[in-house]
Amino acid sequence: MAIDRVFWYHFMAVITVCIWGVTFVSTKVLIGYGLSPIEIFFFRFVLAYICICFVSPRKLFANSFKDELWMVGAGLSGGSLYFITENTALGLTLASNVSLIICTTPILTAFLFYFVNKEEKLKRNLLIGSFIALAGVALVVFNGRFNFEVNPLGDILTFVAALMWAFYCLILRRMNTKYSILFFTRKVFFYGIITSLPMFIISPLNFNLDILLKPVVFSNLLFLGVVASMLCFIMWNNIVKRIGALRATNYLYIVPLVTMITSALVIDEQITIITLVGSCLILFGVYLAERSR
């Protein structure tokens, strides 16, 4: 029975990253309708927060002020800072650069956990598998056109986004033994929204109902808010709690693979032999990294 439960958590991890792979295409559609990256983040997190309030415990605050500060950190690292830095980077550097650098998250998480918790060992298969998967990501992202243009600000922001998600996983592991997944996830959404508000001083929120109520816009926001945010964050936080952050983050390598397939189906982007080879490397790298455990 224990093996069956572990299998389902791995299956949930695959489903979660597959949904997150689709969000890149969904976000691109919303940007095409005039929504800014910050507005997309704000609306999706507000929707997620409203929905999770119906199922989350009524408890308002953490058990201590220190834990409440950790919740603020989770909202910053896994919410506002992660999404805003990533989305801003998309406007400054190539999307391929962003996709590749974001996929350093599993490696950053492994090293961060090693330095913070010395009992975490950097196993050889984990590192080899991670670098093989990262090589596969590079093939999928660049698709044979290796035009890696260096834009210092955009690339640094992307690296910050990857590091933020690693910190989020570290905070999650610290808090998931003290609080329920629903309570913690609700706090992440709340503080993600609160910490994003100062950005609207620079770029005011454009609440245009004519745009928001368009069927394509509304349906994509529902998908991002209810499915990709609320449901996926609940699943991800539960996955990290059950199988560990290092094993869970390795599945993030699959995100570019799913984005590639979705782009081919939705916006007719071509799948080539190079991307297929890259896909095989991603799957093999994830498998090898999992074998380390």
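Student: Which residues are in contact with Trp70, leaving aside its neighbours within four places in sequence?

Tutor: Trp70 is in contact with Ile171, Arg174 and Met175 once those neighbours are set aside; contact means heavy atoms within 4.5 Å. This is a predicted model, in which local features need pLDDT of at least 70 and side-chain atom pairs count only at pLDDT 80 or more, while totals for chains, interfaces and linings use all residues. Residues are numbered from 1 along each chain as its sequence is written, and side-chain values use heavy atoms, with hydrogens and water left out.

Student: Why is Trp70 called partly exposed?

Tutor: Buried means under 20% relative accessible area, exposed means over 50%, and partly exposed lies in between (1.4 Å probe, protein chains only). Trp70 has a relative accessible area of 29%, so it is classed as partly exposed. Trp70 belongs to helix H3, residues 65-90.

Student: What makes up the secondary structure of the protein chain?

Tutor: The chain has 14 helices and 0 strands, where helices are DSSP runs of H or I with at least four residues, strands are runs of E with at least two, and numbering starts at the N terminus. Of the 293 residues in the protein chain, 52% are buried. Among contacts between residues at least 6 apart in sequence, 90% join residues at least 24 apart.

Student: How do you know that the span of helix H8 agrees with its number of residues?

Tutor: The expected span is 1.5 Å times one less than the number of residues. For the 16 residues of H8 (residues 181-196) this gives 22 Å, and the end C-alpha atoms are 22 Å apart, so the two agree. Helix H2 has 17 residues and reaches 24 Å from its first C-alpha to its last, close to the 24 Å expected.

Student: Why is H8 described as largely enclosed by the rest of the structure?

Tutor: Because 12 of its 16 residues are buried, H8 is largely enclosed. The buried residues include Phe183, Arg186 and Lys187.

Student: What makes the link between Ser26 and Asn220 a polar contact?

Tutor: A polar contact is a pair of N or O atoms within 3.5 Å; within protein, one must be able to donate a hydrogen and the other to accept it, and residues adjacent in sequence count only if both atoms are side-chain atoms. The side chains of Ser26 and Asn220 are joined at 2.6 Å. Ser26 lies in helix H1 (residues 2-32) and is buried, with a relative accessible area of 4%.

Student: Why does Glu39 count as buried, and what does its side chain reach?

Tutor: Its relative accessibility is 5%, so Glu39 counts as buried. Its side chain reaches the backbone nitrogen of Ser36 at 3.0 Å and that of Asn206 at 2.8 Å. Glu39, in helix H2, is 165 residues from Pro204 in sequence and 9.1 Å from it in space, C-alpha to C-alpha.

Student: How many cavities of 30 Å³ or more does a search of the whole structure find, and which residues line the largest cavity?

Tutor: The search finds 1 such cavity. On a 1 Å grid over the protein atoms alone, a cavity is a set of points where a 1.4 Å probe fits but cannot get out, whereas a pocket is an open set with protein on both sides within 12 Å along at least five of seven lines; lining residues have an atom within 4 Å of a point. The largest cavity has a volume of about 40 Å³, and its lining consists of Gly34, Leu35, Glu39, Asn206, Asn208, Ile211 and Leu212.

Definitions and conventions
Points joined across faces, edges and corners; volume = space filled by probe spheres on them.
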